[in-house]
Amino acid sequence: MEGAGYRVVFEKGGVYLHTSAKKHQDPDSLIAGVIRVVEKDSDVVLQWVPVEEAGDSTQILFSKKDVSGGDSCTSEEEPTFDPGYEPDWAVISTVRPQSRHSEPTRGAEPSSPRGSWAFSVSLGELKSIRRSKPGLSWAYLVLVTQAGGSLPALHFHRGGTRALLRVLSRYLLLASSPQDSRLYLVFPHDSSALSSSFHHLQLFDQDSSNVVSRFLQDPYSTTFSSFSRVTNFFRGALQPHPEGASPDLPPPPDDEPEPGFEVISCVELGPRPAVERAPPVTEEEWAHHVGPEGRLQQVPMLKARIFSGGLSPGLRREAWKFLLGYLSWEGSAEEHKAHVRKKTDEYFRMKLQWKSVSPEQERRNSLLHGYRSLVERDVSRTDRTNKFYEGPENPGLGLLNDILLTYCMYHFDLGYVQGMSDLLSPILYVIQNEVDAFWCFCGFMELVHGNFEESQETMKRQLGQLLLLLRVLDPPLCDFLDSQDSGSLCFCFRWLLIWFKREFPFPDVLRLWEVLWTGLPGPNLHLLVACAILDMERDTLMLSGFGSNEILKHINELTMKLSVEDVLTRAEALYRQLTACPELPHNVQEVLGLVPPAEPRSPSPPTSPLPLSPTRAPPAPPPPQDTAPQPDSSLEILPEEERKGEAAAPPPPPPPGRWARPAQALYPAPRGWGGRVWTGRAFPPCLPCPPNELISLNGHLSCPVVLV
């Protein structure tokens, strides 16, 4: 659809008008249409036309509100509709065809009832754009004009709101309002309008006109010198004004950061490079890196080899102690022996603290009693299909129990939280020594302890970073998930919480973790692993017409069906594709570790202090004079048969009544869900809970992870 001075730059079907105030629309009240962005002459217009209308409908003009009432063309019979969703945009202003003296529209009958809803508005007429809440059935946009009227709400039944906003951002500046994150303020690309808008919003301490003029002349240097918080394309975000300087803008709530002003843009990535995995590091290759005094040499090269190929099973018991920080990469063999002796004494001092508590004392120590009960129940169902932990009297279960309770003494503030047994199980399986496994577990917990904090701030941040990477890598997939109310990526919660422990077979988990522990090629490779899994399932998700419940079900059915080598290969390819982009947004570079992270805008005190280093232990009273002999559980467990390449089935479901900490958010419950309804405080179920253990509270599931 191009002609002289007329070019369609964007077109999207499946955009409906809901002309009834009823909450449940009948077919007659839904008008299907097409939304277009058209470059016409020297102007750019946004138009919507019903599907049966044809021709150049850009001649249909938006009727501005006549406050004087002198417009003779206004009809008293034209209705005003209220969709009934939200009071802030519910009233739809009257939209009518052009006046009689204008050139008639080609292909549209003036008396057509559906044709009367068509409209076209210049982008310069727009004042703001409001997006729908994620919980609504269909995503919609409401366009507000400079005259104060609202165009009919555009309901995108097939998705596409993000794509439209990206196209509009070519011609307009779309800034998220500091008062409402769903409201985008519209600013044209001209210096006078920008200067007036910046001056009114008080975004800069310096003269606004000077900033805009320098920005138009040299956008990059001005951006880096004057804009400190513009994200995506401008690599930052506009600084919120200092406290008390702008009384017109109320301060944001204390529990969430200032949303700021974000420029919506699109990043063009290059082709994805081909990546090949290397063979695992063998014991002979490891021995070549050991010097005369037992010091490892060429450590960066050795880490790169572990990243590209992993470790052979016979080498893991020694190499994992270095990867998890228990042993120093620079230490000699004698230094390592002295360090192990010191750490052995520290471990048993901490273990004695809870071992020496009598039953009478424990009855008056509810915290320790709660930890003991929680650990016992979790240990009894951790990897019981694995031969290392199967059987009722298996000594491996006793070691799991003792190590987890000793960790409660090591980290009093965090204690034990459900899911930690999943992280310890593979470590103990490989190390097969109580003391060494404990300190390796402490090193792992230093990486992921934030996942288990009650505030869940670390998990929220990781889900936000994952969404940021996915938006850059695959915007259409993000649009699809957003249209199906799955844009929060809550189905990835378990992936990030326990580092894909339940998504891969047991041997593959060992390979995945040792690659992630290298810290290569950046600090957040686990996020790219999640992106790789979603990229592998992209076509299945988008072409199968899945809704939110089907998406959740499909993701959970991937358990034990993924190949770790394929996922790692794709994750590395995604990393190379991102780092090869010359215009990669600054916040994406921070996630990938290419630049140091910026200082937090509104830091909040942590709910608990960081855990101690594995080389430090909390002070403990000296042991008594007559020290009891160390328990037999410190002895090494030697397997009776070879366990290399052993796969594990998913753990069995837990018994009823198993609860974890309260969730921070509520997610809509699927239709027909047979969950229980509680009238009091809702506690979410544990991670491996079956569907009948999920709680439905006022039509919502009070659980961060829904397993179906």
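Among contacts in the protein chain (heavy atoms within 4.5 Å) between residues at least 6 apart in sequence, 68% join residues at least 24 apart. The model is predicted, so local features need pLDDT of at least 70 and side-chain atom pairs count only at pLDDT 80 or more, while totals for chains, interfaces and linings use all residues. Residues are numbered from 1 along each chain as its sequence is written, and side-chain values use heavy atoms, with hydrogens and water left out.

The protein chain holds 22 helices and 13 strands; these are DSSP runs numbered from the N terminus, with helices being H or I of at least four residues and strands E of at least two. Of its 708 residues, 52% count as buried. Buried means under 20% relative accessible area, exposed over 50% and partly exposed in between, for a 1.4 Å probe and protein chains only.

**Helix pairs**

Two helix pairs are set out below. Axes are lines fitted to C-alpha atoms, for helices over the stretch in contact, and angles run from 0 to 180 degrees between N-to-C directions.

| Helix pair | Axis distance | Angle |
|---|---|---|
| Helix 17 (residues 506-517) and helix 18 (residues 525-536) | within 9 Å | roughly 135° |
| Helix 7 (residues 316-323) and helix 12 (residues 420-431) | 8 Å | about 130° |

Helix 17 and helix 18 are therefore oblique to each other. Angles under 35 degrees count as roughly parallel, over 145 as roughly antiparallel, 65 to 115 as roughly perpendicular and the rest as oblique. On helix 17 the contact involves Leu512, Val515 and Leu516, and on helix 18 it involves Leu525, His526 and Val529. These residues comprise five nonpolar, one polar and no charged. In this classification Ala, Val, Leu, Ile, Met, Phe, Trp, Tyr, Cys and Pro count as nonpolar, Asp, Glu, Lys and Arg as charged, and the others, Gly among them, as polar.

In the pair in table row two, helix 7 is likewise oblique to helix 12. Helix 7 contributes Arg316, Arg317, Trp320 and Lys321 to the contact, and helix 12 contributes Pro426, Ile427, Val430 and Ile431. The residues of this contact divide into five nonpolar, no polar and three charged.

**Gln462 in helix 14**

Gln462 lies in helix 14 (residues 457-473) and is buried, with a relative accessible area of 7%. Its side chain is joined to that of Asn451 by a polar contact of 2.7 Å. Such a contact is a pair of N or O atoms within 3.5 Å; within protein, one must be able to donate a hydrogen and the other to accept it, and residues adjacent in sequence count only if both atoms are side-chain atoms. Not counting residues up to four places away in sequence, Gln462 touches Asn451, Leu496, His526 and Leu527. His526 also belongs to the contact of helix 17 with helix 18.

**Helix 1 and Asp479**

Helix 1 (residues 161-168) is mostly covered, with six of its eight residues buried: Thr161, Arg162, Leu164, Leu165, Val167 and Leu168. Asp479, in helix 15 (residues 475-483), is buried with a relative accessible area of 12%. Asp479 stands 318 residues from Thr161 in sequence, yet their C-alpha atoms are 7.6 Å apart in space. Beyond its neighbours within four places in sequence, Asp479 is in contact with Arg162, Ala163 and Arg166.

**Helix 11**

In helix 11 (residues 395-410), 16 residues reach 23 Å from the first C-alpha to the last, close to the 22 Å expected at 1.5 Å a residue. The expected span is 1.5 Å times one less than the number of residues. Because 14 of its 16 residues are buried, helix 11 is largely enclosed by the rest of the structure. Asn394 caps its N-terminal end, with a side-chain oxygen 2.7 Å from the backbone nitrogen of Gly396.
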